Amino acid sequence: MQYTDIVCPFCGCLCDDLEVTIKDGHIESVKNACTISQSKFMNHHENRINAPSINGKETELEKTVEKAVEILASARRPLIYGLSSTECGAISKAVEIAEFTGGVLDNTSSVCHGPTILALQQVGESKTTLGEVKNRADLVVFWGSNPTEAHLRHIVRYSVTPKGMYVQEGKKDRKIFVVDVRETRTAKMADKFLKIDHNKDFELLLALRALIRGEELKASQIAGVPIKEIKTLAEEMMKAKFGVVFFGLGLTQSDGRHMNIDAAVGLVSELNRKTKFVLTPMRGHYNVAGANTVTTWQTGYPYAVDFSTGYPRYNPGEFTAIDVLNRGEADAALIIASDPGATFPKDAAKHLAQIPVITLDQKTTPTTMLSEVVIPVATAGIEAEGTAYRMDGVPLKLSKFIDAREGVCSDREVLDMIIAGLKEAKQ
Amino acid sequence: MTLVIKNGYVYDPLKGINGEQKDIFIKEGKIVEETSEKDAKIIDAEGKTVMPGGVDLHSHIAGSKINIGRLLRPEDHRKDVVKRGKNTRGGVGYSCPSTFITGYRYAEMGYTSVMEAAMPPIGARHVHEELNDTPIIDKAAFTLFGNNYFTLKYVKEGDIEKLKAFIAWLLKATRGYAVKIVNAGGVENWKWGHNVSGLDGKVEDYDITPRQIIKMLAQANEELGLPHTIHLHCNNLGMPGNYKITRETMDTLKEIKPKKGRSATVHVVHCQFNALAGDNWMNVKSGAPYIAKYVNNHDHVTLDLGQVIFTDTTTMTGDGPWQFALWNMTGNKWVNSDVEMEAGAGVVPYTFKKNNPANSVQWGIGLELALSVKDPWKIYMTTDHPNGGPFIYYPQVIAWLMSRQARTDTMRELNRACLKRTGLSNLYREYSFNDIAIVTRAGTAKALGLTEKGHLGVGADGDVAIYDIDPTSWRPSQYDKLIKTFAKTSYTIKNGEIVVKDGEVVSAPMGTTHWVDAKMPQEIEEELMKDLERDFKQYYTVSLKNYPVEDEYLPIQKIHKAGGGQ
Amino acid sequence: MISGRTAKQGIGLEIGKLSKSYAESVNHVQLSTDDVKELALEKTHNLRISTEHGSVTVNWIIDKGLSAGMVFFPYGPWANQVFSSNTDSTGMPIMKGIPATIIPTDDKVQELNEIIEKIRSGA
């Protein structure tokens, strides 16, 4: 059985042109998928968690739900975290649980593009959906971003090679710049690579903005980049008919954090006075944008939301998961579609070992290994339907074309059971 | 179970009921003839005002634009936090309310239907997801057409049949209710960082004009027999002197033959922003008299106010270049959001200040329009939420419309520009309760073609608002009472169920999403599909198969048929 | 030291975090040929990488795109042994541009479950 136009549930590219062939209830092959996506589809059934468990001991789903309800109902400060690798219906349930228990709700954007959101809340952002890049962009800058390793088809689907309405020769009609601290494979494919010193992006972005404004710069180099190269980039940016800056964790995770993005936004906004320019954050997980989007429309805030006073409060740096764990403040955690045990710095991760943790995931991870309650769930986009939001905010429907193993429910269904249990417990 | 509302002063303009004391009977969610009160739930509305549930025909409540607004403005949220209740979710309010709060607050004001004014087609799924999280109210969303690649293509080719087929197809694909146009041609030029100037300016890559786009969409709209006219945000919004282009735009549509049964061929939105005279923001003055004169002499136009409220609010429109201009004027934070092949948007916080001469003129213009257009069936009350101000200020607007003293008292606090540069101080007219019922529900429902809304005749949806005010003893000097009364109903009834009592939400069922399914001849549809298949593949970044919104996104829907399938 | 995602890490984590592919994709650092020379790093050596916040033993490979004085550490449980969890009140710890020291070592590279044990014991 062949399925076409399947949406890939891995990264923020959310490619929707995959072709999946199913035979005897298994995925036989996937076409148009990048190597990571291939791995996801072809290995989705491997190493799946065998059964729900409490303290490592296998048991029935109902018992794990009961235990989860017990833990959350008696917690004073539960942390609900993750959400970027599941569909929006599940995310909606997580918000409800956080509100019901008066806990803290956070998602993986706090360690990814949270700083981009902080910058947006300060100065805004000039953005577009990816089709405009495909159709119009004649200048593309990858800043602190390495799509050849993290967004494998971005270059062929959106930003470099595609032939667009006004960019009919594809890559030939585009100038590609890469700004990074090292020469990545992305840099190698660019027309020009600017090697920048560590933690100096802020200075370089401001310098470019000053040049765009017509200021003179008295320096021979800025951020380790020779002034001639900086001036060339500024000129090319102003000459472009439609320029775009794609930026990634190189900006969000180095010293300036949200101030780096603030500077990038400022540069692009300034460029809009001369020509058309946009910027796009390279969102990592396939539905981290969805986690922000759903949380924002339901609570007003995108992540780092606290419900302890009965209404949503927002304070990144205080209610973000790593900080909550650093302070040893959470006395329980519900982790959905994420692996903080593997991805958080050790001092934050170790607090997870000190508190009862409930984790919903498909496969064993460091987080499930640290959890009291582990519930195996269906893979969204393969075994469960739902919506996901692409890195540029475009919403697509994830398909289900394989049944999950007997007894394995979706994230949304399990969270629904937990909500029902919590409401009953309250009475 | 029958619900009976007894002895209220009923305002049902579509049925000619003007403050009569009358009983209303609701059974199985619909208004019915008078029937037995045995076993019925009785609501005593003695001394109270009873109206059909409010119908807001233009508001920004769901989708990527309003969500950008929410994301952009944590500082706005902190002003207005809402705790979760027994039956209600928590959230935030003010200018960019979260979805649950949006539904509750509209219902608290007695509104039971709200139209999302602008839906970018590729983001339709997002709009519907948010509408599904907006409790109580019935809703619909207007699909953006005015800068869509296919619209421009068919306008350029002069192919009205294909354009009609496209409209029918896109309304279905997006589950939209009406044809929305924002700065026709200008948002397409903005894809290169430009705008379009004037009705006959050039849409660069297509060599067509805004006039052509608007006319052809209007013609297609009427020939398709869609329930609402085109919903039009005119070119040159926010530019002093623009009353001229607004008037010219209205005039260019008088030749369009309206659908049978109506005389209107266009609804001009938030007209205040497009009724500016003067040359620049220093000498801006009211263009309302010219617009009102035109509307008074022609029957093919309806408009809504876009009334200014003096507060810190958030502007958000699909008019990308206008929002860029506003950023340059104010220096406030700015989000621009272009949508491939289809549309654009921009969000910029803005504060309307009483001591700002331009703002005081703008405030005056909205009300001057409302009071100068003689026929209340042509002009509706909105603030273009949240552009002119948050919808929670509707009661304040009602007060200004119904009480000259309310207007005068406010004017005293304003910069004198309002006095000098608008005609508002010379207008003594005061809206009656009947007028208010028209401009907030009967007229809007009629303009929208929602035949079961906006009235209390037999067969109407059982959507009723009961306000704690005695219209026979109320005097315009008591405008504070209006503000209080219209903010929180005694009862709001939705589909025969009490959802609000004494200003508090007691039940939050999900409302219905309305959309239009227009039929086109099969051969044209087939031709259209060929274009779509080819152009989606070449130019879009999503596949055509994944584009139309699936049924699952509309758990409760009502389909309005139009065109051949009527 | 900078960290980041790699395609191999993506492929590995989709097989599963307990898989050999995953471990191999994240239990190493990439460094320049210059640094390998300067350290006299042998194929039999592992590398001990330390920051202010912790240290960990890892495998190593050469990446020609790196210049002297820069190492790339793929994002994962090994890298998290050396990051600070301080976010400077932004929610985001610094994960790029961190000063680090590297020395050749004969120490063993830990297995994933040893790292989990370490986390569990609160060390």
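User: Which domains is chain A divided into?

Analyst: Domain bounds come from an automatic or database domain assignment. Here, chain A splits into domain 1 (50–112 + 286–426) and domain 2 (115–281). Their C-alpha centres lie 34 Å apart. This is a predicted model: local features need pLDDT of at least 70, side-chain atom pairs count only at pLDDT 80 or more, and totals for chains, interfaces and linings use all residues. Residues are numbered from 1 along each chain as its sequence is written, while chains are lettered from A and ligands numbered from 1 in the order in which they are written.

User: How many residues of domain 1 of chain A are in contact with domain 2 of chain A?

Analyst: Two residues are in contact if their C-beta atoms, placed from the backbone, lie within 7 Å. In chain A, 9 residues of domain 1 are in contact with 9 residues of domain 2. The domain 1 side has 5 nonpolar, 3 polar and 1 charged. Ala, Val, Leu, Ile, Met, Phe, Trp, Tyr, Cys and Pro count as nonpolar; Asp, Glu, Lys and Arg count as charged; the others, Gly among them, count as polar.

User: At what angle do helices H9 and H12 of chain A cross?

Analyst: Helices (H or I, at least four residues) and strands (E, at least two) are DSSP runs, numbered from the N terminus. Axes are lines fitted to C-alpha atoms, for helices over the stretch in contact, and angles run from 0 to 180 degrees between N-to-C directions. The axes of H9(A) (residues 201–212) and H12(A) (residues 258–271) cross at roughly 15° and come within 9 Å. Therefore H9(A) is roughly parallel to H12(A). Angles under 35 degrees count as roughly parallel, over 145 as roughly antiparallel, 65 to 115 as roughly perpendicular and the rest as oblique.

User: Which residues make that contact?

Analyst: From H9(A), they include A:Phe202, A:Leu205 and A:Arg209. From H12(A), they include A:Ala263, A:Leu267 and A:Glu270. The contact of H9(A) with H12(A) has 10 nonpolar, 2 polar and 3 charged residues.

User: Which chains make the most contacts?

Analyst: Among the 2 pairs of chains that touch, chains A and C have the most contacts. That contact takes 42 residues from chain C and 55 residues from chain A. On the side of chain C that touches chain A, H1(C) gives the most, with 5 residues. No contact joins chain B and chain C. Their closest C-alpha atoms lie 15 Å apart.

User: What is the mean pLDDT of chain C?

Analyst: pLDDT is the predictor's confidence in each residue, from 0 to 100. Chain C has a mean of 94, and 99% of its residues reach 70 or more.
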